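Hi everyone, thanks for making time today.

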Amino acid sequence: MMANFKFTVVIIGMILACVAGLEENTRECNLEDSRIVCIDSHSVANDGDEIKLTCGDNGQVITKVLAASFGNPAGTCPDATGLDFGLADMSFSADAGCSAENSAKAILDKCEGKEECTITITEEFTLASSGLASCGGAALNDLNYTLLVQCEDGPDLFAYLVAFVIAVIGVGLGATLTPAALKETWTVHKKGIIVGWLSQFGFMPLIAFIWIKIMKFDDLVSLGVMFVGSAPGGVTSNLFTYFANGNVALSIMMSFASTVCSLFMLPLLVYLYVEKGLGVTDIEIPFVEIIQTLLIAILPVLLGVAIRLKDDKIARYVEKGGSILGVLFILAALVTGILDSPDLFNPGEYPKTWIAAIFFQPTGALFGFTVARAVGLTGPEVRAVTLETAIQNYTIAITIVVFSYDGCERIVALTFVLVSTFFYLVNSVWLVALLRFVHTKYDEPEDLLAVKDEK
């Protein structure tokens with residue numbers, strides 16, 4: 001046990017030492033895919049005046065209020081017609097002594113998600129604003145307004161598609177389960193389940209955190225790394241465990257346990273490692289979106305269990321369909337990522353991301369293998385734990401990012417997620433081959449018979 005542990009530590013240390021001095025391009029979030037609309041006025045004629053905001057006819061909707069003030073703002077729009085321009089072109093500041101405090105909120109409440117929006121001066125600003133009392137008794141038609149809003153693409157159909165995919169995958173996972181099988185697997189493989197759970201939520205988030213610290217990833221990229229490191233086991237681990245002649249029943253039980261527990265473990269780990277460990281304050285950590293994603297993944301599992309109890313034959317089709325859809329989704333996400341960000345798949349541009357992604361899964365596999373061997377698990381159990389530890393649920397990681405961010409922020413947050421997903425497919429091939437054709441040679445005959453009986 002000690003020799004294996006030392007070997008693992010030495011390998012990790014050598015990898016980290018080699019990459020510590022590398023330089024990598026920074027993926028900066030910009031507003032190239034967004035339209036900024038600016039409207040200003042230096043004379044409000046009547047208290048019923050209306051301000052019309054429009055994103056044009058390109059399908060974009062108002063998503064953010066970048067600046068807003070009703071009172072005595074300084075600065076004017078570069079173009080009086082409100083055409084596109086950059087934030088650098090806008091010089092804006094509110095007058096602290098004369099500004100409606102709820103200006104930005106009033107606009108966002110009224111206009112968010114709309115292609116065009118009409119603001120009524122009295123209704124949206126003056127009735128709910130205490131800041132105007134300090135304007136020195138100025139008449140309403142002496143006050144001014146400046147509005148700066150950001151327009152981005154409308155309803156995110158990709159997000160809805162992703163939600164549908166993880167729901168179907170959840171049904172597929174549930175179709176592999178019955179209460180009796182869960183109870184039996186827990187009784188027979190209790191030690192393996194505990195080892196797998198601790199590896200999944202203990203080591204993998206820790207190694208993700210270490211990679212972030214060593215590579216000095218920026219905040220958005222770091223969030224993506226932690227989403228991957230804290231994710232539950234992927235359903236494809238069950239399929240790969242079958243190919244590796246591992247204990248499939250144990251693999252399914254570990255996937256189920258980690259998926260259910262992720263509802264509280266994933267937000268907790270992100271909080272501990274990102275908010276507390278990294279001290280991220282510049283961006284909002286999307287805890288609500290994390291919970292939403294996990295509920296979409298977990299609740300359909302119950303439907304899958306119900307299908308299994310009702311009709312075993314249909315359940316087997318659902319199970320296979322879920323696994324196949326999971327693989328297809330990952331491939332589709334990779335293709336989309338390559339087309340959207342071809343530079344990301346250039347190792348010369350992002351060497352740190354590539355190195356972290358290449359070794360992330362094998363490091364997890366090595367740890368799971370070492371601990372499983374150390375506690376005396378059988379050969380098939382060792383292979384199941386090894387693959388379950390190494391194979392994260394990349395579908396959930398991608399979905400959290402898609403639900404949490406849009407535009408350029410989404411592209412940056414997906415940096416590590418997409419590259420590590422690519423290497424997950426590559427690494428899984430040789431890991432399964434190594435376990436099946438090399439490690440199985442050291443199995444005891446009775447262990448192989450037990451696996452065949454469980455299949």
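Let's start with the second largest pocket, which has a volume of about 900 Å³. A pocket, on a 1 Å grid over the protein atoms alone, is an open set of points with protein on both sides within 12 Å along at least five of seven lines, while a cavity is a set where a 1.4 Å probe fits but cannot get out; lining residues have an atom within 4 Å of a point. Volume is the space filled by probe spheres set on the points, which are joined across faces, edges and corners. Of the 31 lining residues of this pocket, T176, V248, I252, R316 and E319 are the closest to its centre. Helices 4 (157–174), 5 (179–188), 8 (236–243), 9 (248–278) and 11 (312–340) each give two or more residues to that lining. Helices here are DSSP runs of H or I, at least four residues, numbered from the N terminus.

A quick word on the source: this is a predicted model, where local features need pLDDT of at least 70 and side-chain atom pairs count only at pLDDT 80 or more, though totals for chains, interfaces and linings use all residues. Residues are numbered from 1 along each chain as its sequence is written, and side-chain values use heavy atoms, with hydrogens and water left out.

Now, which residues touch the most other members of the largest nonpolar core? They are L223, F227, V270, F360 and F416, out of 89 residues, and helix 9 gives the most to this core, with 12. A nonpolar core means buried Ala, Val, Leu, Ile, Met, Phe, Trp, Tyr and Cys residues joined through side-chain atoms within 4.5 Å; buried is under 20% relative accessible area, with a 1.4 Å probe and protein chains only. A second, separate core of 18 residues includes I62, I107, C117 and L143.

That C117 is joined to C111 by a disulfide, S to S 2.0 Å, the cut-off being sulfur atoms within 2.5 Å. The link is left-handed, with -60 degrees about the S-S bond, and both cysteines are buried.

Finally, the cavities: there are 3 of 30 Å³ or more. The largest has a volume of about 80 Å³, and helix 4 provides the largest share of its lining, 4 residues. The second largest cavity is about 70 Å³, with helix 11 and helix 14 each supplying at least two lining residues.

Methods: Buried means under 20% relative accessible area, exposed over 50%, partly exposed in between (1.4 Å probe, protein chains only).
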